[in-house]
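This report is meant for a reader who has not seen the structure before. Please look at the sequence and the model first, then read on.

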Amino acid sequence: MDFTEATKASRRDFLLKSSLSGLGLGLISNKLFGSASEKMNDLEMKVPAKGALTITDLKCAIIGGSPVVRITTNEGISGYGQAESSKKYLKPFVLFYKDYLLGEDPTNVERCMLKIRRMGSFKPYGSAVSIIEMALWDIAGKAASLPVYKLLGGKVRDRVRVYTTAVAQYQQTAGIEPADYAEAVAKVKALKEGFTIIKMPIGFHSRMASQAPNFFYGDPAGARNQPHANRGPLTEQGLKRIIACVEAMKKVLGDEIGLAIDCGPGFMLSDAIRLCRSLEPYNLMWMEDLLTGDYRPYVMADDYLELTRSTTVPIHTGEQIYLRQNFRELIERNAIRVIGPDVADVGGLAEIKWIAEFADLHGIQMAPHGIYDGLIGNAAQVNVAATMPQNFIAFEYSVALPEWWYDIITGMPKDIVKNGHIEVWDRPGLGVDFIVKEAKKYLSEEDKNFFD
Amino acid sequence: MTKARNNFAIQRRNTIKMLGIGSASGLLGLFGSKAAHAATYDVPSYAKGMTTAKGALTITDLKCAIIGGSPVVRITTNEGISGYGQAETSKKYLKPFVLFYKDYLIGEDPTNVERCMMKIRRMGAFKPYGAAVSAIEMALWDIAGKASGLPVYKLLGGKVRDRVRIYNGGVARTNPSRASDTGIEPEYYAETVARMKAAKEGFTIIKMGIGFHSSMGAKAPNFFYGDPVGPKNPPHANRGPLTEQGLKRIIACVEAMKKVLGDEIGLALDCGPGFMLADAIRLCRALEPYNLMWMEDLLTGDYRPYVMADDYLELTRSTTVPIHTGEQIYLRQNFRELIEKNAVRVIGPDVADVGGLAEIKWIAEYADLHGIQMAPHGIFDGLIGNAAQVHVAATMPQNFIAFEYSIGNPEWWYDIIEGLPDPIVKNGHIEVWDRPGLGVDFIVKEAKKYLSEEDKKFFD
C-alpha cells in the first residue's frame with residue numbers, strides 16, 4: 001500500500017469511527033449541514049464543553065539527547081514537542097511551566113501561552129516555552145481531528161521546500177581546504193533527496209578559526225569552549241581562504257543548486273563587509289550569522305543594518321532570537337534580507353508564523369533554522385511552513401539524531417524528502433506520533449513513566 | 001561510499017522498513033485496519049475524524065444578496081456547508097464588487113482560508129472596496145469552522161478571554177442609523193448619553209459623534225471658516241479651520257457629557273474627519289482634563305482613502321488624549337506607518353473593511369508590539385459582522401479595549417438570524433459562544449421574506 005492509499009484507507013476508517021461516535025466531519029457535513037435551513041440547535045460540535053478538555057500533566061523526557069515534552073489531558077489526548085538534540089539540560093526549565101498550565105484548555109493555545117511566554121528568553125531558554133507551544137498545537141489538532149496547519153490559517157502550498165545543512169557529510173572530513181568543501185557539496189548534491197539549496201559552515205562557523213594557520217588576529221580558543229567561541233579580526237589569508245572555498249563549492253554546484261553559508265558569529269563588522277563584497281559574484285542564497293546568532297543573547301540590529309546596506313549578498317540571522325519583540329529592529333529597519341527563527345526556539349508555531357508575516361510586510365525573506373529539531377520539530381516545521389506567505393524560501397531539514405528515532409516515530413511519509421520538498425500531510429495534530437512500545441526502550445530510568 | 005552517505009542510506013532504509021512492513025504498531029495503528037491496530041497499538045482517541053481529503057471540500061458558488069441594505073455573502077460548497085459574511089448596512093452598492101471575486105474562488109478549498117485570500121486580497125482597496133474582500137473572508141472562516149465543528153475563535157489561535165467588552169457607538173441614540181445626525185447643544189449631548197448610559201446592556205464605554213462628525217459642521221452657527229456643504233454630499237463632507245466659537249461649543253458638549261457619565265463610564269469622541277492639524281492639537285489639549293477614552297478620526301478616517309500617518313504623529317505627540325483612527329484602512333500594509341511610528345495610541349480597523357478576521361487579528365498583534373491599543377469599528381456590521389467581531393476579539397492580545405457593538409438594522413434582522421445569546425449584551429460584555437463557525441445562521445424561511453426578486457435564489 002503506498003502512502004496515498006494508506007491515507008484513503010485511513011479516511012474510510014476515520015469516517016467509520018466518526019459515524020460510530022457521532023462526531024467528525026463526515027457526519028457534520030452530510031447530515032447536519034445538509035441545507036441552510038437547519039437550526040443551530042441541531043449542530044453537534046466537536047468542541048468540548050467549556051473546560052471539558054483540560055491539561056492534566058506536563059512531562060519532559062530526554063530521548064536520544066532531545067528534550068521531549070508531553071502534555072496530557074483528561075480525554076486521553078497527548079501532545080508532543082521536541083527541542084534541539086543539543087539541549088539535554090533543558091528538562092528542569094520545561095517542567096518549571098507545569099504548574100501554570102495544569103487545568104487550562106490546551107486548545108486555546110494563545111491563552112496558555114499568555115501565561116508562560118514572558119518567562120522565556122533567548123536561546124536556549126526560549127526552547128522550553130517553544131516546545132510546550134508545539135505540544136499544545138499537537139493536542140489542539142488532535143482534538144479537532146485537523147492537521148495543525150488548518151489551525152494556523154490553512155496551507156498556501158501543498159509541499160514545502162527544505163534546505164540541507166551538510167553537517168553529517170562535512171564532518172566526515174571537516175577539512176578547511178577548498179578541495180574538502182568541493183567534495184562535501186558534491187556528496188550532498190548527489191543525495192537522493194534532491195535538495196535544491198545547500199548550506200555549508202565556513203569562517204568562524206567552521207574549523208577554520210581553530211585549525212587554519214593565520215586565520216584571524218587572535219589565539220584560537222581551546223577545546224573546552226562552547227561552539228563558535230572564536231571571534232576576532234580576519235587576516236588577508238583568512239579572507240582568501242574563505243573566498244577560495246566558496247569558489248570551489250560554486251564550481252561543483254553551478255547555478256542549479258543554491259548555496260548558503262553559515263559564517264559565524266565572530267566576524268568584525270568591517271571584515272564582514274569586505275567578505276560579502278568579495279563574494280558578490282557568486283550569487284549566494286544568503287550569508288548567515290556573520291555578527292551575532294547561534295547562542296548570542298542579543299541582536300545588534302544596527303550592525304546588521306550597516307552590513308546589509310553595504311552589499312548585495314542577502315544577510316541572514318535570527319536562530320537565537322526569542323519572540324517577535326526581539327525581531328522588531330531587524331525587521332522594521334530592514335537590517336537583514338532573510339531571517340531564520342527556529343520554531344523550537346522562537347516561541348513556537350504561531351510565533352514563527354506571525355514573524356513570517358511581519359517579515360513579509362517589510363520584504364524580508366524566511367529561511368527558518370531547525371537542523372537539530374528532530375522528527376517532531378520537523379513535523380512542526382512542515383505544518384507551519386505550509387502556511388507562510390510568499391516570502392518563504394525553505395526551512396532547514398532535520399534528520400533523526402540518533403538514527404533510531406526513525407524506529408520510534410510514526411506518521412512521516414515514506415520518502416520524507418522528494419525533489420528537495422516535503423509534501424504537506426493531512427494527519428491530525430502535527431501528524432507524527434510515538435510508537436510507544438519502541439520508544440520506551442530508549443527512556444532512562446528517571447523518565448520511564450513518560451508515556452504512562 | 002563514505003560513512004556519511006551510509007548514514008543517509010540507513011536512515012532511508014529504516015524509514016521504509018518502518019512504514020512498509022515493520023510497523024504495524026505505528027503506521028497501521030493510525031491508518032490500518034481495526035484488527036491490525038487492535039493487536040499492536042491503541043487507536044488514539046483523537047483519531048475520531050479526519051480532515052477532508054485534499055480538494056474534497058470545494059467552493060461551488062459565491063452569491064451576494066442585499067438584505068435590509070446589507071450586502072450578504074453566501075459561499076456554498078460541494079458538501080452542503082454554507083458560510084456567510086456581511087458588509088456594512090450603508091453599502092448596498094457593493095454587490096457587483098463581491099461577485100467580481102467569484103471566478104477566482106470556485107473550486108478552492110475554503111478551509112485553507114489564507115490560500116483563498118492570497119488569490120483575491122490584493123484586488124481590494126480602502127473603504128468601501130475592501131469590504132467585499134472582507135465579507136468573503138468572513139464567510140470562509142464560517143465554513144472552515146462549520147466543516148471542523150469548531151467555533152471560529154479556535155481556528156484563530158484560541159480565545160484569551162471568555163467575554164468581550166463592547167462599546168456603545170449608537171445604541172439608544174435618537175437616530176442610530178445615522179451616526180452623524182446629532183443635535184448641536186450641550187443639553188442634547190447630556191440627554192443622549194444619559195439614555196445610552198441607562199440602556200439595559202450596561203455599556204461601560206460610550207462614543208459620541210462631535211465636531212465634523214456631527215451636525216455641528218452643517219448646523220452650528222459660525223462653527224468653522226467655510227461654507228457648510230449641502231445635503232447632496234457624502235457623509236462628513238465638511239472640512240475646514242475651526243472658529244473659537246466652534247472650539248468652545250465642542251468643549252461645552254464634552255463637559256456636559258462628562259457631568260452625566262462621571263468617571264464610571266468611559267467617553268470616546270468620534271470627531272471627523274475634517275479638522276485642520278492645528279485645530280486638532282488645540283482641541284485635544286483643551287479636552288485633556290476630561291480623561292477621554294480616545295478621540296477618533298480627527299484628521300482622516302471614514303471614507304478617506306489615505307492615512308496621513310505623519311500628521312497623526314504630530315497630533316499624538318502634542319497631547320495626552322489617546323488619538324484613534326483606522327476604520328477606513330484596508331490591510332496591514334496601510335497601517336504600517338501609523339503603527340511603526342507610534343503615530344496613534346488606538347486603532348479602529350473594522351473587521352468588515354480591513355480584510356477580515358485573520359487580518360484584524362494580525363494587526364491587533366502588530367499594534368500590541370508597539371504598545372498601541374485596539375478599539376475596532378463596527379457599528380453597521382450587522383448581526384453576522386457582530387458574530388465575527390466576538391470571535392476575533394476573543395483572540396486579541398491584552399491591548400484590546402472594546403469593539404463597537406452593532407445592532408440589527410432594520411430590527412427584523414433579529415427575526416431572521418439565530419444563534420445569538422439572549423440577551424446579547426450583559427454588563428457591557430458579550431459572552432463568547434461555542435457554536436461551530438461564526439455561530440450564527442439564517443432562519444431561511446424567515447429570511448426569504450426579505451429577499452428582493454433579484455436575490456430570491458440566495459438560499460437555494
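Which residues are buried in helix H11 of chain B? In this helix (residues 277-287), they are B:Asp279, B:Ala280, B:Leu283, B:Cys284 and B:Leu287. A residue is called buried if 20 or more other C-beta atoms, placed from the backbone, lie within 10 Å of its own. Helices (H or I, at least four residues) and strands (E, at least two) are DSSP runs, numbered from the N terminus. The five names share the same side of H11(B), because they cover an arc of only 130° around the axis; the arc is that of the directions from the helix axis to the C-beta atoms. An α-helix has 3.6 residues a turn, so residues three or four places apart point the same way. The buried residues of H11(B) pack against helix H10 (244-261), strand E7 (295-296) and helix H12 (309-318) of chain B, where a contact is a pair of C-beta atoms, placed from the backbone, within 7 Å.

This is a predicted model: local features need pLDDT of at least 70, side-chain atom pairs count only at pLDDT 80 or more, and totals for chains, interfaces and linings use all residues. Residues are numbered from 1 along each chain as its sequence is written, while chains are lettered from A and ligands numbered from 1 in the order in which they are written.

The peptide bond from A:Lys123 to A:Pro124 is cis, with omega near 10°.

Methods
A residue is buried if 20 or more other C-beta atoms lie within 10 Å of its own, exposed if 12 or fewer, and partly exposed in between; C-beta atoms are placed from the backbone. Two residues are in contact if their C-beta atoms, placed from the backbone, lie within 7 Å.
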